[in-house]
Amino acid sequence: MSADIYHEMIIDYSRNPLNFGKIEDHDVTFHDSNPLCGDSIDIDMKIKDSKVSDIKFHGKGCAICMACSSVLTEMAKGKSLDDVRKLGKDDVLGELGLEHLQAVRIKCALLSLKVLKSALYTYLAGRTDADDLKEEAANLY
């Protein structure tokens, strides 16, 4: 795809984000922010049968942050917890053609991935031995 198509996708996702909102009866929620850009994102998830049955995000952020949050929540919805654990930065960046993003904007693009993984690990820690997740959490990026 051309760079113009990716640019249009980022603008569209940021103006009309998918999965934007709150889940009042969520199984897990997590918040984090990027003070350099002012991005602030919360992700709420419902988990059923070890799958993400519903996921929403809310907050505010730059166009890149909002677009990546929208795409990431779409990627995670309906997936098994194991598949969500395997999602990485290349999955998110590749979906929007951001593989060569400037270093200063990478935190904007990956904030939602950090929040999603933190929410997932918080959920799993309440149900398993958290020690086996520490190394994976330390190596998110």
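Q: Which residues in the largest nonpolar core touch the most other members?
A: This is a predicted model. In it, the largest nonpolar core has 38 residues, and I43, M45, I64, L98 and L116 touch the most other members.

Q: And where does the largest share of this core come from?
A: From α5, which gives 11 residues. The elements that each supply at least two residues are β2 (39-48), β3 (51-60), α2 (63-76), α3 (81-86), α4 (89-95) and α5 (103-125).

Q: What does M45 touch, leaving out residues up to four places away in sequence?
A: M45 touches I23, H26, D27, V28, V52, D54, I55, L116, A119 and L120.

Q: Switching topic. How many aromatic pairs are there?
A: The count is one aromatic pair. The ring centres of F20 and F57 are 5.3 Å apart and the planes are at 85°, so the pair is edge-to-face.

Q: Which parts does the pair tie together?
A: F20 is in the loop between α1 and β1 and F57 is in strand β3, so the pair links parts 37 residues apart in sequence.

Q: F20 first: buried or exposed, or in between?
A: F20 has 41% relative accessibility, so it counts as partly exposed. F57 is at 0% and therefore counts as buried.

Q: OK, now N19. Where is it found?
A: N19 sits in the loop between α1 (3-15) and β1 (28-34). Its relative accessibility is 9%, so N19 counts as buried.

Q: Which side chain does N19 join in a polar contact?
A: That of T73, at 3.0 Å. Beyond four places in sequence, the contacts of N19 are I55, K56, F57, S70, T73, E74 and K77.

Definitions and conventions: Residues are numbered from 1 along each chain as its sequence is written. This is a predicted model: local features need pLDDT of at least 70, side-chain atom pairs count only at pLDDT 80 or more; totals for chains, interfaces and linings use all residues. Side-chain values use heavy atoms; hydrogens and water are left out. A nonpolar core is a set of buried Ala, Val, Leu, Ile, Met, Phe, Trp, Tyr and Cys residues joined through side-chain atoms within 4.5 Å. Buried means under 20% relative accessible area, exposed over 50%, partly exposed in between (1.4 Å probe, protein chains only). Helices (H or I, at least four residues) and strands (E, at least two) are DSSP runs, numbered from the N terminus. Contact means heavy atoms within 4.5 Å. A polar contact is a pair of N or O atoms within 3.5 Å; within protein, one must be able to donate a hydrogen and the other to accept it, and residues adjacent in sequence count only if both atoms are side-chain atoms. Rings of Phe, Tyr and Trp (its six-membered ring) pair if their centres lie within 6.5 Å; planes under 30 degrees apart count as stacked, over 60 as edge-to-face and the rest as tilted.
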